[in-house]
Amino acid sequence: MQTNNGEFRGEEPAPVSTAATIDGNGDLPQSEILPYIPQTQQQRSGFLVDFLYIRGQLGGTDHLDLIMLGSKQYGVLLAQLPVRVREQLNDFSILKRVIRDQNAGQSPSGAIRALESLLVEHFKRHEKLKAAYAIFSPQNRSIRFATTAHASIFLFRQEHRQMYRLLSDDGGFSAASMDEYDYRTHPSTLLPGAPSEAVRLEQHDLILMVSDGFLTLKNTWGESLGMGRLKAFLDEHGHMQPGPFLRKLQSEIEAFTMGEPIQQDVTVVAVKNMLANDEGVYDDDAVDLDSRFLTLDEEAELWQISQEYPDLRLRELLQKVDTRFQRLGPDRIRFYLKNDHPHWLNGTARPPIPPRRFEGLKSHFHQKLVEAFPIRQLLYRKYEFRGNTDAIARALEHYQNGHFQESLIEFVKVRKAIVENESVYCFFGNLYLLLNMTIKARQEYMRALRLNPRCVHAYLALAYIALLHKDYEGAIHYLSTAIRLDSHLKLYERFLHHMLTALDKQNGHKEWIA
């Protein structure tokens, strides 16, 4: 973990950031670091701001910038730039100038469209820009913003413990329409002013601008971080100020990924409004949050009802939903229904649907097969490592006492000191399998087979993993291979015969027995 040493690039010099951290392969280039607003200036304005950046293995795509718009407001741009654009863009200040040209940066949607036009004209990039741009106005206790696909702004209202997605209509330019513009002239004279969203903020509101890499973070089970986990984290820690909040969030990310490589850049900007509700004057264009936006729970409820009644017209659908949805009006409900739906509480693309009876019977059949597999003979063995260090001894003690999570944490720290061989790979495969981390376990067993294609332990474990994933043909293949290599596997031979018979009765796959 490294401390951000970026310099202020706004209207006046400022101290370096001590709260924002970079955890990755090295310092960000100077042009990519969000300038830090002095704490005294933040406290005077009532808006506290900080950010977190974690560089991914495929990183260098997130661009984060702060644009000072006079002394009383500032804009924050979070964009995911194509790799080729970053390689060709030597001077990142051009992005700041493009935004300033949009009526002094006052139109977030116009600024994003101008950036899209820049990509087409100068870099011949015809894909939609992934970006969020927000203007924070402490004097008006408001936020004006625009977002496109895969860039998100969330608002957590501490008083009601509710989380909102701040969505805007991202109907940006098509490639064809952008080709018509000559970017050498001022973009402000070329790009139509699209309406941006503006909402009023209440005291202790926490705004998060997050890149796509944050929500798509995956752990060793292959699960995405998702909005459900973010909401649970906000429920517990949303009262904190941005600096401590982001440090806690970084610890949460590290615990979630458990050392798994982070592929995409992860960027989170946190802004907290500390102004009392009777301070300042609201922006005339800003609206109350609930009059324009649904909570995350309400979005999930609306989406589920729309799935239950897919053939209903909007007016008929509105009769099915709770009266609280009526506050938004038909046009806004239509807007929510046409938008991509986020990953809900279980991290999947849609709420779970109860299984049908036939699927339940299959699950019961599958469960019986899994329970019958003689896995204990593979997993519960006593292991020793030559040249044990104290750290390895602690890890083994956790393992032998059944504390597999603690064992894995300790082993990850010292694995580089352990000589790799097929037994080591099988041990770690067992450890991951005991933690139900089947993807990681399979990788370890496959490594063992690359070293020794006759490793019976690896074949048997792979058969069990295939069975867990209902890959019956794969399970039969791995079991058959292991039995051919070792004629003493009578227990597994009996299980294979039992499984073939059961599958024959269940599905009539007689060709498997041949």
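## A helix and its span

The expected span of a helix is 1.5 Å times one less than its number of residues. Helix H19, residues 472–485, has 14 residues. From first C-alpha to last, H19 reaches 20 Å, close to the 20 Å expected. The model examined here is a predicted one.

Which residues of H19 are buried? They are Tyr472, Gly474, Ala475, Ile476, Tyr478, Leu479, Thr481, Ala482 and Ile483.

## The protein as a whole

The protein holds 20 helices and twelve strands. It has 514 residues, and 53% of them count as buried. The accessible surface comes to about 25,400 Å². Carbon and sulfur atoms account for 49% of that surface.

The largest nonpolar core has 59 residues. Six of its residues touch the most other members: Phe373, Phe411, Tyr445, Leu467, Leu479 and Met499. Helix H18, residues 456–468, gives this core its largest share, eleven residues.

A second core is separate and has 42 residues. Among them are Tyr74, Leu155, Val271 and Phe293.

Helix H15 spans residues 404–414. Its buried residues are Phe404, Ser407, Leu408, Glu410, Phe411 and Val414. Phe411 is also one of the residues that touch the most other members of the largest core.

What do the buried residues of H15 pack against? They pack against helix H14 (390–400) and helix H16 (422–434).

Tyr74 stands opposite Phe136 in S6. Tyr74 also belongs to the second core.

## A hairpin

Strand S8 (residues 152–157) and strand S9 (residues 162–165) pair in the antiparallel sense over four bridges. Phe156 has Met163 of S9 as its bridge partner.

How many residues lie between S8 and S9 in the hairpin? There are four. Arg161 sits in the turn and has a positive phi of about 55 degrees.

Notes
Residues are numbered from 1 along each chain as its sequence is written. This is a predicted model: local features need pLDDT of at least 70, side-chain atom pairs count only at pLDDT 80 or more; totals for chains, interfaces and linings use all residues. Side-chain values use heavy atoms; hydrogens and water are left out. Buried means under 20% relative accessible area, exposed over 50%, partly exposed in between (1.4 Å probe, protein chains only). Helices (H or I, at least four residues) and strands (E, at least two) are DSSP runs, numbered from the N terminus. Contact means heavy atoms within 4.5 Å. Two strands pair if DSSP finds at least two bridges between them. A nonpolar core is a set of buried Ala, Val, Leu, Ile, Met, Phe, Trp, Tyr and Cys residues joined through side-chain atoms within 4.5 Å. Accessible areas come from the Shrake-Rupley method with a 1.4 Å probe; for residues, only the protein chains shown count as cover.
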